[in-house]
Amino acid sequence: MIEALHRIVELQFELMSSRWLLFITSDVRPNSLAQETLDRLCDAIFENAEADEEFRHSATPLLGADESDIRAAASAASKTPGTTFLQLFSLGIAKWLLHLAHTKHWDMKTHHPFCYSTMPVPNDTPSMACLAFEFVPPPAGLQDRFGVSRAVPARNTELEDTALRAVEKIGGMANADSRLRSDAALRTRVTRDLRFWLEEAGYEASALKPLQA
């Protein structure tokens with residue numbers, strides 16, 4: 001999956017000149033994610049934490065451990081299934097993608113993520129991360145440092161600190177299962193829509209039976 005993401009992003013940077021969205025939905029658990037991959041994603045977090053004190057102070061509590069050291073907090077989060085582990089993975093993915101974007105002078109905005117459980121009932125531990133990222137092209141304006149042209153550079157959109165935005169959005173990761181349990185109208189609508197799309201995809205009636213109203 002990581003290699004596929006790398007190639008998709010690489011091709012998009014080559015082919016796109018405007019904003020584009022990347023959605024990632026992945027089942028991620030401590031015993032299924034390669035330790036080497038997680039360690040390297042964490043390296044992207046640690047590099048930012050060492051360079052930016054504000055990011056470090058914001059990211060460390062996100063990992064749920066009572067630690068002041070972000071490396072110790074990440075180590076603790078990496079061993080516990082559930083929301084905190086998904087947030088560690090998601091922040092690592094966000095920082096990795098942001099570093100890739102910066103190598104091409106793009107920027108990237110993290111949007112609100114969700115999680116839910118794919119565990120056998122009755123285990124409702126969140127294990128699926130649903131992430132959304134918006135890639136923003138380099139600024140349009142040209143800076144003429146020699147002053148040869150009197151033209152005013154095209155106005156650039158001022159963006160927020162996208163590293164801190166990633167912490168904020170991932171810290172607010174919503175549990176879709178909890179939201180559905182607490183909102184009967186939403187649960188009914190989602191069930192109806194799910195049944196419709198599964199029927200469109202050709203699922204047999206026996207598979208749709210659990211979705212009966």
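The model is predicted, so local features need pLDDT of at least 70 and side-chain atom pairs pLDDT 80 or more, while totals for chains, interfaces and linings use all residues. Residues are numbered from 1 along each chain as its sequence is written, and side-chain values use heavy atoms, without hydrogens and water.

Ser117 sits in the loop between strand S2 (107-116) and strand S3 (128-136); strands are DSSP E runs of at least two residues, and helices are H or I runs of at least four, numbered from the N terminus. With a relative accessible area of 16%, Ser117 is buried (under 20%; exposed is over 50%, partly exposed in between; 1.4 Å probe, protein chains only). A polar atom of its side chain lies 3.1 Å from the backbone nitrogen of Met119, and the side chain of Ser117 also reaches the backbone oxygen of Thr125 at 3.1 Å.

Asp107, in strand S2, is buried without a salt bridge; Lys95, the nearest side chain of opposite charge, is 8.5 Å away. Lys and Arg count as positive, Asp and Glu as negative; His and chain ends are not counted.

A salt bridge places a side-chain nitrogen of Lys or Arg within 4 Å of a carboxyl oxygen of Asp or Glu. The count is 8, including these:

| Pair | Closest N and O atoms |
|---|---|
| Arg19 and Glu134 | 2.8 Å |
| Arg29 and Asp27 | 2.8 Å |
| Asp193 and Arg192 | 3.7 Å |

Arg19 and Glu134 form a salt bridge. Arg19 is in the loop between helix H1 (2-15) and strand S1 (20-27) and Glu134 is in strand S3, so the pair ties together parts 115 residues apart in sequence. Arg19 is partly exposed at 39%, whereas Glu134 is buried at 13%.

Technical notes. A polar contact is a pair of N or O atoms within 3.5 Å; within protein, one must be able to donate a hydrogen and the other to accept it, and residues adjacent in sequence count only if both atoms are side-chain atoms.
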